[in-house]
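Q: I would like to learn how to read a protein model. Can we go through one step by step?

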Amino acid sequence: MAAQTQRAVLAGGCFWGMQDLTRRLPGVTATRVGYSGGDVPNATYRNHGTHAEAIEILFDPEKTDFRTILEFFFQIHDPSTKNRQGNDIGLSYRSAIYYVDDEQKRIAEDTIADVDASGLWPGKAVTEVEPVGPFWEAEPEHQDYLERYPDGYTCHFPRPGWRLPARTQG
C-alpha cells in the first residue's frame with residue numbers, strides 16, 4: 001500500500017522561484033503557488049491583503065521528509081531579511097512556515113534553531129512559524145511561471161555546498 005501524501009506550506013519571497021526549485025526535489029509530487037497567512041478571503045494577486053506569496057508542496061514521506069524540505073527552503077532564500085527577498089520588499093515576501101500539525105511545528109522550530117546556530121546567514125532567522133490557514137491558489141498565469149518563462153524573474157537559487165548542520169545538544 002502506498003504512503004499517504006503529506007503537505008507543506010511555505011513562504012520565502014516571490015513564489016515563482018520557490019516553486020521552480022522545490023518542484024525538482026526528490027519525493028515532491030506536486031506544487032502550486034498561492035497566498036497564505038493573511039486576512040483577505042479569496043486572495044488574488046491584485047488583492048491579497050496581508051497574505052504572503054506561498055507555495056503548497058505535496059510530498060511522498062517514503063521518499064523525503066519535512067525536515068529535508070525545510071533545509072532546502074533555508075538554502076534557497078534568505079530567512080534573515082524581514083519582509084524581503086532580493087529586490088522584492090513588503091509583507092508579501094516574508095519568510096514563513098505554515099505548519100499542518102504539531103510535529104511539523106516542532107520540526108520547524110528545531111530547524112530554525114539549527115539555522116540560527118549555524119551562522120550560515122548574516123543574522124538570525126525572522127521566519128514566522130504559524131498554523132496553516134486557508135491557502136488561496138494563485139491565478140493560472142502564476143502557476144509554473146518559470147517553466148513557461150525560463151528567463152523570467154527569480155530571487156531564489158540553490159547555494160552550492162550550503163548544508164545545514166544540526167546543532168549539538170548540550
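Q: Which domain does UniProt place on this chain, and at which residues?
A: The unreviewed UniProt entry gives "domain: Peptide methionine sulphoxide reductase MsrA" at residues 8–155. UniProt positions are given here in the numbering used for this chain, feature names are shortened, and annotations may be inferred rather than shown by experiment. The model is predicted: local features need pLDDT of at least 70, side-chain atom pairs count only at pLDDT 80 or more, and totals for chains, interfaces and linings use all residues. Residues are numbered from 1 along each chain as its sequence is written, and side-chain values use heavy atoms, with hydrogens and water left out.

Q: How much of residues 8–155 is helix and how much is strand?
A: Helices (H or I, at least four residues) and strands (E, at least two) are DSSP runs, numbered from the N terminus. Over residues 8–155 the chain is 27% helix and 26% strand.

Q: In what order do the strands of the sheet lie?
A: Strands of a sheet pair through backbone hydrogen bonds, either parallel or antiparallel. Two strands count as paired if DSSP finds at least two bridges between them. Here six strands form an open sheet in the order 7-6-1-3-2-8, with mixed pairing. Strand 7 (128–131) and strand 8 are the edge strands, each pairing on one side only.

Q: In which sense do strand 2 and strand 8 pair?
A: Strand 2 (residues 28–36) and strand 8 are antiparallel, over three bridges. Gly34 has Glu137 in strand 8 as its bridge partner.

Q: Where is His142, and is it buried or exposed?
A: Buried means under 20% relative accessible area, exposed over 50%, and partly exposed in between (1.4 Å probe, protein chains only). His142 lies in the loop between strand 8 (135–137) and helix 4 (145–148). It counts as buried because its relative accessibility is 7%.

Q: Which residues is His142 in contact with?
A: Contact means heavy atoms within 4.5 Å. Leaving aside neighbours within four places in sequence, His142 is in contact with Phe15, Trp16, Gln19, Val33, Tyr35, Tyr45 and Arg148.

Q: How many disulfides are there?
A: A disulfide is a pair of cysteine sulfur atoms within 2.5 Å. By this rule the count is zero. For Cys14, the nearest cysteine sulfur is that of Cys155, 6.0 Å away.

Q: Why does Cys14 count as buried?
A: Cys14 counts as buried because its relative accessibility is 6%. Cys155 is buried too, with a relative accessible area of 14%.
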